[in-house]
Amino acid sequence: MPARLNPLTALAAAAATAAITTAASSWAVSLAVVFGGAVLAVRAGVAGRLAPAAAVILAPFWLSLLIMHGLFFPEGRTVLAEWGAARVTTEGLGFALDMGARTAAYVAVFLLFSFTVRVPDLVAVMSARRVPPQFGYVLASTLTLAPAISGRLARIRQAQESRGLVVGGGLLPRLAAARLQMVPLVLSLIQEAGDRAQALDSRGFNGARARTSYREVPDTFAQGTFRAVALLLAAAAVALRISGHWPDTQWPAGRWPAIHWAGGVRG
């Protein structure tokens, strides 16, 4: 997303995309959103950070979907393979694909927003719109939490290595080193939270008066119109889904030959 884009426009686009993807409930739409997010990430120069972050979030979720729905889907009727209680069914794989693609779309959209938005601009815009400062602070802290923890962890590791900590190549030495790094990391984060609370309280963070900001974030009529249209489209899509008027796209069942692994193979 370009730097000249208003943060509220980017946030409205991300929220509307997530809502429409949920209403569509189609793996094809979800994969199209993922592809579009990847293209925008490459254009914005954040693909190198977005891809590993998305992989860390999605890999365990996809694995759990495969185990829970790919092998143990109670509504499955078209059996592709069977190992005792575990059954690979067309319906289970379709449901796992749908949920996995939909979650990938959410992750891609909101990670793209978090990696491209300028947090100071977002806070300034929310302050100008009279959004409660507590909400703005929580949102800004959430967007900056991962980079802050990563940087602090790197400093802790460098400090420990300068004092003679040697991390070997095996799994157990790395786990032991991680345990030694987690304790100072957690303690430093708790101390920083207390320092921030005192600083915010001393500056009248909970005051009732309206705040002004020296930071001016540009906005245009076209962007305002886009935000309104995007949110209206999202609301309409959700209403269509709830009312049952959204055209359903069923996973094609019964097109693959059934294979049963129970003492032999059958077509």
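Among contacts in the chain (heavy atoms within 4.5 Å) between residues at least 6 apart in sequence, 71% join residues at least 24 apart. The model is predicted: local features need pLDDT of at least 70, side-chain atom pairs count only at pLDDT 80 or more, and totals for chains, interfaces and linings use all residues. Residues are numbered from 1 along each chain as its sequence is written, and side-chain values use heavy atoms, with hydrogens and water left out.

The chain has 8 helices and 2 strands, in the order α-α-α-β-β-α-α-α-α-α from the N terminus. Helices (H or I, at least four residues) and strands (E, at least two) are DSSP runs numbered from the N terminus. Of the 267 residues, 29% count as buried, that is, under 20% relative accessible area with a 1.4 Å probe, protein chains only.

| Helix | Residues |
|---|---|
| α4 | residues 90-116 |
| α5 | residues 119-128 |
| α6 | residues 133-162 |

The axes of α5 and α6, lines fitted to C-alpha atoms over the stretch in contact, come within 10 Å and cross at roughly 170°. That makes α5 roughly antiparallel to α6, a term for angles over 145 degrees between N-to-C directions, on a scale from 0 to 180. V119, L122, V123 and M126 in α5 meet F135, G136, L139, A140, L143 and T144 in α6. The residues of this contact divide into 8 nonpolar, 2 polar and no charged.

Helix α4 holds D98, which counts as buried at 12% relative accessibility. Leaving aside neighbours within four places in sequence, D98 is in contact with S25, S26 and W27.

Definitions and conventions:
Buried < 20%, exposed > 50% of the residue type's maximum accessible area, 1.4 Å probe, protein only. Parallel < 35°, antiparallel > 145°, perpendicular 65-115°, else oblique. Nonpolar A, V, L, I, M, F, W, Y, C, P; charged D, E, K, R; others polar.
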